Amino acid sequence: MSKRILGMTIALAMATTPVAAETVKVGFITTLSGGAAIIGKPMKNAFELGMEHVGGKLGGMDTEIIFGDDKRKPDVAKQLANKMVKKDRVDFVTGIIWSNLLIAIHGPVTRSKTFLISSNAGPSAVAGKKCSEDFFNVAFQNDMMPEGMGQHMSAKKIDNVYIMAPNYQAGKDMMKGFKRTFNGKIAGEVYTKLGQKDYQAEISALRAAKPTAVFVFLPGGMGINFIKQYAQAGLSDKIPLYSAYTVDAISLPALKEAAVGTFGVQHWSPDLGNSVNRRFVEGYRKKYGKTPPFYAAQAYDTVMFLDNAIRKAGGISDRAKLRAAMRAGDFPTTRGTFKFNNNHFPIQNIYLREAVNDNGNYVTKTRRVIISAHGDSYAKSCPMKW
Amino acid sequence: MDPLLLLEQAFNGLQFGVMLFLIAAGLTLVFGIMDLVNLAHGSLVMIGAYLATTLIAWTDSFIFGIALALPATFAVGVLVEVVALRTLYRRNHLDQVLATFGLILFFNEVVRIIWGAQSIYSGLPDYLSGQVEIIPGAPYPVFRLVIIAVGLIVAALIYTIVAHTRLGMLIRAGASNNEMVGALGINIKSLFTFVFALGAVFAGLAGMMLGPLTSVEPGIGEPLLILAFVVIIIGGIGSIRGAFIAAILIGMADTVGRVFLPVLLRIFVSDAAADTAGPALASMLIYILMAAILVVRPRGLFPARTG
Amino acid sequence: MNRQQIWISLITLTLFAVVPPLTVLFDQPFYLDMFARIMILAIAAVSLDLILGHGGMVSFGHAVYMGIGAYAVGILSYYGIDNGFIQFPLAMLASALIGLIFGAMSLRTSGVYFIMITLAFAQMLFFLAISLEEFGGDDGMSAARSEFAGLIDMYDGVQFYYLIFACLALVLYLLHRLVLSRFGMVIRASRSNEKRMHAIGYPTYRYKLAAFTIAGTICGLAGALFANLNEFVSPDVMHWTHSGEIMVMVIMGGIGTLIGPVLGASAFLLLEEYLPEWMEMVMTNGGEHWAIVMGPILIAIVLFGRGGIHALFASRGKIGVKQND
């Protein structure tokens, strides 16, 4: 008898301990070492800035953030996620940059009844049939940007476009997305090696094809190298260059003049005039001395998203209530407007941005809204309804 | 297929080939004479690129920057040889692979701490940033022509040193029997240091010329290192002539394969299949080439060492 | 192989065996996964030790067999075949086949040419995996854990752990027997003097090829387990640096000792896990630069740590496996 009471007391103590503490734990997994740290660092910085702006408390509750470095390896990310879920017992996992890493941890994290929030990666694999009620994406679905660019170039009656991307899943998806909305002629379609550095051979072939414009998806270092060599080959003022996820606050300081005049497409830009964005961009520039890239804006939005949902749900113990609060998507965002689709991916504006030289500052300027309230093309195959 | 485009691509292949040769030259000499597998040779490419970028910015002159970066890379080469590699010559290849693998980790991190993880962009002076129309209708970047010229001049220089000087005689003797050279009373220690540092300068030079073409970032030497290994294996270890021929071969195969394989495949299979298989085959091409050559000639095309 | 080695093996295996009860006791299921991962890479490292330590074949592309094993599970799972009794044999068969083909060609060369040709083959398959669009290409693919007709529940951490444990123990035992057999003697003898072995009538090429194939097969098993552990397969597993890491584990632990690589895998992965944390304690953001310490550790092991961790426990001179490529 006394044994049973003791058992019950222990069970009760174990059940009440976390409630009594009511600490929100967030696991932030991103790439902090290696070359790709140039993306992970701004995300971590922006997340910390966001936490400062909410007074260090998400939804007014004591908050603990645990950072982890995935080294850009899927198995390391998987191991970290596991550790955070099982050992640290976090309530949310976020921060992942890469699609393949997100796919690697998606199953295990959502199955463990922990919320997974993507602050960047938006692969189609988890947007359609495999969508999950415990997974939210506060960034974008990969195809959104090329779809926007396809639409823009069609509207501008730009015909005979040469398109190029690295030879991997996201590259193929991007070109598919572009062709989904672009109705002109494709002058050539080329897939290059992932991580390629020298594009001279491709540039020679490109010039020989005599296109009216070029659209590329070459993220990170690939884009920097391509655009540099494109300028060196004397093509920048001959064939206009359009891109997605290529010209941003990370590549611009390296590209400088070579990128000026190229058009990009993004769901955010540092010059968006809403008050949340102004506070974010100014705060970021003041604290870190740089213009934030879109990755950083998304990490900042993640903080705002969590803060808002936890406050509205009055805590984290009732997961259904919390999920409903998250679905509302009514947090103060750097993007101005934001809504969730039925697959928990954003419905948001897609902007045309031009790289400009603003008194020695190389930044992107918003030129127009290409599509307002754009939802992704995979939502319809997601069985989730709410 | 447009013959002019083919010619332009041949230029591109040649440019890539001489770049590979600069890296492979030091690697094959070090390999041939000291019997050292140096995975960290790629780090010297990286260090050369960083030193040049920094010194060009510091002197505000492309020529002066390079002129200072070359002896600086030589000094780094001497340092690395004396501190780390010297003790490895008598070790087996496995130990060498491992220790130099550790060196790669170390150098990449050092560079990241000094220069940061962010890629560095270095521009070109005006006199090098134009284009010349050597092929009608296809203006070619001047700087790439400079690379080809420098590469060919250095190749001729190395060939002359190896074939016609006393140093070259020692190098050739060392490549075929290094114990004998020591037995003849040659100060083998300083010969090794000098040869290693010379190889470092060539690798560094490749890095310096790479800087204005591509971004400079930690680890830029590694993909090139693997290709340089392919080059010296195909060419035959210790053979400068073999390294040169193999470098041009790989440069051409990589460039031409990359551009024309997908086009070629489209003739036989559907466009979508060609788009998938083309780049895949192109990136596998040089390794297939290497495996095929080794199966037929297990010691490469021009084996320098016999027995 | 001496008594000391057997004792070290038994103690190491006992330590692995008591991990699950401890994690249950302290309610720390995370460590179960961590040690499961260590054991899987230990299997890969032990298989490399067979050809590297005993056969003197410096294969710089060993991770590729892990990749084949992992992709076999992933691809079968993609087509709805989750039965482990089909997946595991097929994974091992595929690795054996590729090992046989690559081995047959690579073993025509020797020395550094062998190192480089094995690397070339690994690079080939790495790029092939990247271009397999159907199977996720560079992004990789998720794979459900295998089903063993209700006998083992792979989603139960403890059961899965003991399956890996059993595999490791079995691999160690079988390789131990193999190394002591006539086959093992021929392999070792042909490393120290291939010409002599040839002269007295041993077809050393065939013996070495057999060893190479066996190593590939066992590494394929490690790959199949790895796919199960991660529930995910990607080309990363075949990257040349991963081959390098497996090699590091073998050297770190003690080459040619079979149990040494198990210790090496443990040490390497624990370092990878905790080094950043320790460095973070020493200085802020130090964890990001863990490689600056890891690199010199590797060099130090090569320069000073003859015989690896194994030699710390075994008395010197008795390990008796001298390397000369």
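How many helices and how many strands are there in chain A? Twelve helices and 14 strands. Before going on, please keep in mind that this is a predicted model.

Let me stay with chain A for a moment. The C-alpha trace of chain A spans about 90 × 40 × 35 Å along its principal axes. Of the 386 residues in chain A, 61% are buried. As for contacts in chain A with a separation of 6 or more, 72% of them are between residues 24 or more positions apart.

Next, the nonpolar core. The largest one holds 345 residues. Which of them touch the most other members? In chain B they are L20(B), A24(B), A228(B) and V231(B), and in chain C they are I40(C) and I43(C). Helix α1 of chain B, residues 3-34, gives the largest share of this core, with 17 residues. Chain A takes part as well: domain 1 (2-140 + 273-340) and domain 2 (144-266 + 350-374) of chain A both contribute residues, so the core lies between these two domains. As general background, nonpolar side chains in soluble globular proteins tend to be buried together.

Setting aside neighbours within four places in sequence, I40(C) is in contact with I164(C), A222(C), L225(C), F226(C) and L229(C).

Now the contacts between chains, starting with B and C. Here 36 residues of chain B are in contact with 36 residues of chain C. On the chain B side, α4 (93-115), α9 (221-235) and α11 (271-296) each supply at least two residues. Which of the elements of chain B gives the largest share of that side? It is α4(B), with 15 residues. By class, the side of chain B that touches chain C has 26 nonpolar, seven polar and three charged residues.

Then chains C and A. This contact takes 23 residues from chain C and 25 residues from chain A. On the chain C side, the largest share is three residues, and these come from helix α3 of chain C, residues 30-54. What is the make-up by class of the side of chain C that touches chain A? That side has six nonpolar, nine polar and eight charged residues.

To close, the two counts again: 36 residues of chain B meet 36 of chain C, and 23 residues of chain C meet 25 of chain A.

Notes
Residues are numbered from 1 along each chain as its sequence is written. Chains are lettered from A and ligands numbered from 1 in the order in which they are written. This is a predicted model: local features need pLDDT of at least 70, side-chain atom pairs count only at pLDDT 80 or more; totals for chains, interfaces and linings use all residues. A nonpolar core is a set of buried Ala, Val, Leu, Ile, Met, Phe, Trp, Tyr and Cys residues joined through C-beta atoms within 7 Å. A residue is buried if 20 or more other C-beta atoms lie within 10 Å of its own, exposed if 12 or fewer, and partly exposed in between; C-beta atoms are placed from the backbone. Helices (H or I, at least four residues) and strands (E, at least two) are DSSP runs, numbered from the N terminus. Domain bounds come from an automatic or database domain assignment. Two residues are in contact if their C-beta atoms, placed from the backbone, lie within 7 Å. Ala, Val, Leu, Ile, Met, Phe, Trp, Tyr, Cys and Pro count as nonpolar, Asp, Glu, Lys and Arg as charged, and the others, Gly among them, as polar.
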